Structure formats: structure tokens, C-alpha cells
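Keep the structure open beside them as you read.

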Amino acid sequence: MSENEALDRTRRDYDEVAELYDDMVRQGDQVIDALSAAMINAFAELVRAGGSVGAVVDAGCGPGQWTDHLDRAGIRAYGIDLSPAMVAIARRYRPDLRYEVGSLLHLDAGDESIAGVLAHFSLIHTPPDLLPRVLSEFARVVEPGGPLLIGVQITDTADANGWVPYDHRASPAYLWTLDALADRLREHDFAELGRLRIVAPAPGKPPAGYLLARHDARSTE
């Protein structure tokens, strides 16, 4: 699938379900939300400890709930999303924060200008052949030593490439093994710091996983 086809498909699909998706997010799941918040808080602590004057980008922010969370935790953050409808919802909740329509493949940020990247279940719709370009873009914009947190639905029965197609309710997606994702992060100078696996919320649903990594400063030497 070409870049334009992939982006257009995801944008169209999420524009159509934006309000329903927002309702689902706001209702949440107590266990999943608590574990997600724990990983995002760890990410925020790494940003804070790094002392950067740059902002964090919530890459694929959806209705902006985690951009809001980071801001309330004292972390400068802004969100981007492919879906104009999602961005409109995010702005509705927090008109004081920066939300923009944009692509993970083309971040509007200078080299090494971003304190960290949160990609909270936003990579799942990226075709595997385009994933290296997204990770390369993350590596371009994140400061040396800056953190990257990725959340995805995961699988334990992937093919040799580490992924399988997934019939996501909103838009076609891909399940990855955490090991395969960690390998790809290393290829783009992100060193894994830790991971979390969240059990499947219901029969027939995939488990979720988080990878927390740091942009390896040695890549800039």
C-alpha cells in the first residue's frame, strides 16, 4: 500500500468514527487506563529528568486525552493526528493546547528539537513497510537521550517478520510482537528501557503492550 493510500484510509476511517471513539475513550477501562497512565507517567518522569526545554509530541493524539494528561503532569506537550475530526474534538476539550492535523511520516519539527515522543496506539495502522520511515522520523526529531513510548495491540503468534494483520474496528491495523518492535527501535537508535504487557480485556481481543525506549545519544557522535 502506498503512503497516500495508507494515510487517506486511516484519516477517512477515523473521521467517520471520531465522536464514537471519543465516547469510548472517555468511558475507559479502569485497569487498562491505570496501567497506561503508569507507563505514560514513567515517560513523563524521563522527560522531566532530561531537563529539556523542548515539548513532547503526542503523535497520533486522537481526541487528546493523553496530551491533556501530560500537560496536567507539568510536561509541555502538543498533539498531532491525521484525522481533522479527532483534532477538532481535542481542541474542544483543551482549546489552550496545541493540536494540529499531521502525519507521523512528516513531523513538523526540527532535527533533535523534541523532548520525547508518545505514540499511544497510533502506530498500529501504519503498514509494516512504512514503519521504518515513521521510526526514522521519530529518531530525527527527538533529542539525544529523549524518551519514546509506544503502545500497541500485540500478538504472540506473528509471522517471521513479527506482525500479523488485525481487523481493528475503526480501521485495518497490524499486531506486533514486542520483541519485533524492540528490534526495529534498535535499528533507529532507540534503546529499550522497559516494557509492559496488559492482558486481553475480553475473549477474542488482543493483549496490549508498551515499549519505553531512549534515543541513544551515541547515534549523534
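This is a predicted model: local features need pLDDT of at least 70, side-chain atom pairs count only at pLDDT 80 or more; totals for chains, interfaces and linings use all residues.

1. The charged end of arginine 26 sits over the ring of tyrosine 93, at 3.7 Å from the ring centre. A second case involves arginine 98, which lies over the face of tyrosine 78, 3.8 Å from the centre of that ring.

2. Next, have a look at the sheet. Seven strands make up an open sheet, and their order is β3-β2-β1-β4-β5-β9-β8, with mixed pairing. The edges are taken by β3 (99-101) and β8; each has a single partner strand, so one side of each is left without a neighbour in the sheet. On average, neighbouring strands of this sheet are turned by 20° against each other, direction ignored.

3. Strand β9 deserves a point of its own. This strand covers residues 208-215 and is mostly covered, with seven of its eight residues buried. Strand β5 (residues 147-153) pairs with β9 in the antiparallel sense, over seven bridges.

4. For a parallel pairing, go to strands β1 and β4. Strand β1 (residues 56-59) and strand β4 (residues 116-120) run parallel and are joined by three bridges. Aspartate 58 has leucine 118 as its bridge partner in β4.

5. Now to the aromatic rings. How many aromatic pairs does the count come to? The count comes to three aromatic pairs. In one of them, phenylalanine 121 and tyrosine 210 have ring centres 5.8 Å apart and planes at 90°, so the pair is edge-to-face. Phenylalanine 121 belongs to the loop between β4 and α5 (131-141), while tyrosine 210 belongs to strand β9, so the pair ties together parts that are 89 residues apart in sequence. Are these two residues buried or exposed? Both phenylalanine 121 and tyrosine 210 are buried.

6. Another ring pair is worth a look. Tryptophan 163 and tyrosine 174 have ring centres 5.6 Å apart and planes at 80°, so this pair is edge-to-face. The pair links distant parts of the chain, with tryptophan 163 in strand β6 (residues 163-166) and tyrosine 174 in strand β7 (residues 173-176), eleven residues apart. Tyrosine 174 has a relative accessible area of 12%, and because buried means under 20%, tyrosine 174 counts as buried.

7. On to the charged pairs. A search of the whole structure finds 16 salt bridges. One of them joins the side chains of glutamate 19 and arginine 92, at 3.3 Å from N to O. This pair links distant parts of the chain: glutamate 19 is in helix α1 (residues 3-27) and arginine 92 is in helix α4 (residues 84-93), 73 residues apart. Glutamate 19 counts as partly exposed, at 42% relative accessibility.

8. In helix α3 (residues 65-72), arginine 72 and aspartate 68 lie four residues apart, about one turn of the helix. Their side chains meet in a salt bridge of 2.8 Å, N to O. Arginine 72 counts as exposed, at 62% relative accessibility, whereas aspartate 68 counts as buried, at 17%.

9. The side chains of glutamate 137 and arginine 140 meet at 2.9 Å, N to O. These two are three residues apart in helix α5, which means they are separated by about one helical turn. Glutamate 137 counts as buried, at 11% relative accessibility, and arginine 140 counts as partly exposed, at 26%. Finally, salt bridges that share partners join Asp68, Asp71, Arg72, Arg94 and Asp96 into one network.

How values were computed:
Residues are numbered from 1 along each chain as its sequence is written. Side-chain values use heavy atoms; hydrogens and water are left out. Buried means under 20% relative accessible area, exposed over 50%, partly exposed in between (1.4 Å probe, protein chains only). Two strands pair if DSSP finds at least two bridges between them. Axes are lines fitted to C-alpha atoms, for helices over the stretch in contact, and angles run from 0 to 180 degrees between N-to-C directions. Rings of Phe, Tyr and Trp (its six-membered ring) pair if their centres lie within 6.5 Å; planes under 30 degrees apart count as stacked, over 60 as edge-to-face and the rest as tilted. A charge sits over a ring if NZ of Lys or CZ of Arg is within 6 Å of the ring centre and within 35 degrees of the ring normal. A salt bridge is a side-chain nitrogen of Lys or Arg within 4 Å of a carboxyl oxygen of Asp or Glu.
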